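Hi,

Here is the structure I said I would pass on. Have a look at it first, and then read on for what turned up.

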Amino acid sequence: MSIIVAGKVVEFLISVMIAVAAIYYLWSAMKGKVQDLRLMPQVEAISDVVDKAVEEGKPVYISPGDQAYLSGMYAPMTIAGMNVLRYTTRLAIRRGARPAYPVPVNPESLPLIDGIFREVCVAEGKPEAYRREDVIYYGSEYNSYTTGFTATISREGASGLVEVGAITGGGSSTPAGWVREFGGTVVGGTARYLHQGTWAMLADYPMFMDDIFAIGAICSGDNEVKASIVGGDVAKLILFGITLLFSILAVLGVPTAKWLQT
């Protein structure tokens, strides 16, 4: 009896190659090898947004997305968003900008957001910069989130919005547009494929699909997190190479499908 189910040869080989790539880069990172990722313009834009907030004296809003769950399929997006949130908060506290945090509709991430805010303020030697009232929960409905967030923007003004993570179209699009209406800069995006167009239209510096994971890794400063991105890119190259190979074989008339089913 074959250990590989008939017709699953390609899936098996791809799984092995991806696993080897992921393990290799993680191992090399744990051994101290620096994993280099190119600096992305969206990360540089976050710094510019913070500087803008310092100059204008208006808040910079930081969010891991209006649908930030810590479990399920949105968890990886939320984790990437939290890395960006911590990075942006650190820049804001260090430079003297005021951060504000619209809490997602699902409030399970509220303690984590509040904890990051407090921790960064203490770590930067500015515990007085922590303001509990700037961690704002608008309620469990998207309508209340949108209405409350836009009301805060109207009242407090906005230098910018940095929103990266699990994002819906209805909850976040209006506040993002409102930030731009008030002259703020929007940096944001999500891996949810349904909402790529939203951020292409609303963000001055949009992030598309896997961009958020790469930017989250860069913002984390963690070598092992960066290794996961490098390993993932190698896996994509492998998949592209396999697709190209079988396309060429198909054009040449090689019966690869029959061989793979054996």
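Helix 3 runs for 21 residues, and from its first C-alpha to its last it reaches 30 Å, close to the 30 Å expected at 1.5 Å a residue. Bear in mind as you read that this is a predicted model. Just past the end of helix 3 you'll find Gly-96, which has a positive phi of about 95°.

What does Thr-88 touch, leaving aside its neighbours within four places in sequence? The contacts are Ile-46, Val-50, Ile-62 and Val-162. Take Ile-46: it sits 42 residues from Thr-88 in sequence, yet the two C-alphas are 6.8 Å apart in space.

Helix 3 also packs against another helix. For helix 3 and helix 8 (residues 211-220), the axes come within 8 Å and cross at roughly 40°. That angle makes helix 3 oblique to helix 8, and the crossing is left-handed. On the helix 3 side, the contact is made by Pro-76, Met-77, Ala-80, Asn-83, Val-84 and Tyr-87. Helix 8 brings Ile-212, Phe-213, Ile-215, Gly-216, Cys-219 and Ser-220 to that contact.

Now for helix 4 (residues 110-123). It has 14 residues and reaches 20 Å between its first and last C-alphas, close to the 20 Å expected at 1.5 Å a residue. Which of its residues are buried? They are Leu-110, Ile-113, Asp-114, Ile-116, Phe-117, Val-120 and Cys-121. These cover an arc of only 160° around the axis, so they end up on the same side of helix 4. The spacing makes sense if you recall that an α-helix has 3.6 residues a turn, so residues three or four places apart point the same way.

Helix 3 comes back here too: what covers the buried residues of helix 4 includes helix 3 (75-95), along with strand 2 (99-103) and strand 3 (135-137). On the face of helix 4 turned away from its buried side are Pro-111, Val-122 and Ala-123, which are exposed. After helix 4 comes Gly-125, with a positive phi near 75°.

Cheers

How values were computed
Residues are numbered from 1 along each chain as its sequence is written. This is a predicted model: local features need pLDDT of at least 70, side-chain atom pairs count only at pLDDT 80 or more; totals for chains, interfaces and linings use all residues. Side-chain values use heavy atoms; hydrogens and water are left out. Helices (H or I, at least four residues) and strands (E, at least two) are DSSP runs, numbered from the N terminus. The expected span of a helix is 1.5 Å times one less than its number of residues. Buried means under 20% relative accessible area, exposed over 50%, partly exposed in between (1.4 Å probe, protein chains only). The arc is that of the directions from the helix axis to the C-beta atoms. Contact means heavy atoms within 4.5 Å. Axes are lines fitted to C-alpha atoms, for helices over the stretch in contact, and angles run from 0 to 180 degrees between N-to-C directions. Angles under 35 degrees count as roughly parallel, over 145 as roughly antiparallel, 65 to 115 as roughly perpendicular and the rest as oblique. A crossing is left-handed if the near helix is turned anticlockwise from the far one by less than a right angle, and right-handed if clockwise.
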